[in-house]
Amino acid sequence: MNAPAKRPITIVTGFLGSGKTTLLRHLLAGPEARDTAVLVNEFGEVGLDHYLMHHIDEQTILLGGGCVCCTVRDDLVRTLTDLLDRDQRGAIPRLKRVVIETTGLADPAPILFTVVTDPMLQHHFRIEGVIATVDAVNGHLHLDRHPESLKQVVSADEIVVTKTDLALLNTVNLLIARLQAINPAARITMAVFGHVDPRRLLGPREGSTPAAQLAGVSKTVRSTAFAASGTRSRHAGETRSLALTFAQPLDWIAFSTWLSLLLHARGEDILRVKGLLNVGAAGPVVLNGVQHIMHAPEHLERWPSADRRSHLVFILRAIDPHHIVRSLQAFQHLLGAEPRVDDTDLHH
């Protein structure tokens, strides 16, 4: 007997005023959001955003008066457990998915950690993706001055650039280039008044899976690997992206051992790791992790394209990308493959 499918969780994050609630209201208005529970976390004793969405979706729940990334993680577990219980008892319509809107000051990583590691949640829920909104008008300023904004961008699978109608075209283009340099594995969408095709953000989307993203990631980052996310601030200037390709299949046991050692030693500074790895099987292994939090590796039945090479992307903070390359080269006799950097310029 097959185990019941895990209910997907989508996290919507973004800095203060970047348009999270506007985007979410638009998404919830469509048929794709039917049977969706929405958990709204608002900082402060009195929350308002959940009232803005309540008339759209009756399963809108306010999570406490603190930040979901720290003080109300227990509240998050209790709420998801309660939703699951009500779903299984038939007290609510069949729960199709959960959307969590974070505060503007939240780091999404602890939310991911809670879902992936909680003994009960990990068996009934899975993270489908992280959507981060970035304000086209103030995006550069937020990235310069607020490390929370940088963490939200780094954690994202999909970045939605909002308020593009209010910003100069050149400003938008520079922001998109900067976001691509920070997180080359994320897909970027532009939105005005939160209008984005819900099918692109909720549920399985063609070309949006980790496998599809990583299949062509070397092309995306060829001009941005090792590019700083900016030089205006210490936080931005310390962030680098590194893209690697392996032409030969990897030894999975050796690679997972190497990655475990790396994350144990420098997990807090490995802001993001994504990989599509050829381990000699019929399909690739998909890696997806935020800091020291690694999702369970996904073994795909087939490759998404004719490219059978392994692709690996790191987003690093205060780590010289050369150190990662040299470490892999030292392991290459065990890995069975030598890494090739997808950008020949290591001096940005």
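Thr 102 is buried, with a relative accessible area of 1% (buried means under 20% relative accessible area, exposed over 50%, partly exposed in between, with a 1.4 Å probe and protein chains only). The structure is a predicted model, in which local features need pLDDT of at least 70, side-chain atom pairs count only at pLDDT 80 or more, and totals for chains, interfaces and linings use all residues. Residues are numbered from 1 along each chain as its sequence is written, and side-chain values use heavy atoms, with hydrogens and water left out.

Thr 102 lies in the loop between β4 (97–101) and α4 (109–117); helices (H or I, at least four residues) and strands (E, at least two) are DSSP runs, numbered from the N terminus. The side chain of Thr 102 makes a polar contact of 3.0 Å with that of Thr 13 (a pair of N or O atoms within 3.5 Å; within protein, one must be able to donate a hydrogen and the other to accept it, and residues adjacent in sequence count only if both atoms are side-chain atoms).

The loop between β1 (7–14) and α1 (20–28) holds Gly 17. Leaving aside residues up to four places away in sequence, Gly 17 touches Asp 135 and Lys 163 (contact means heavy atoms within 4.5 Å). From Gly 17 to Asp 135 the C-alpha to C-alpha distance is 7.5 Å, at a sequence separation of 118 residues.

In helix α14 (residues 321–335), the buried residues are Pro 321, Ile 324, Val 325, Leu 328 and Leu 335. Their cover includes β8 (239–246), α13 (252–266), β13 (310–317) and β14 (339–341). Just after α14, Gly 336 adopts a positive phi of about 85°.
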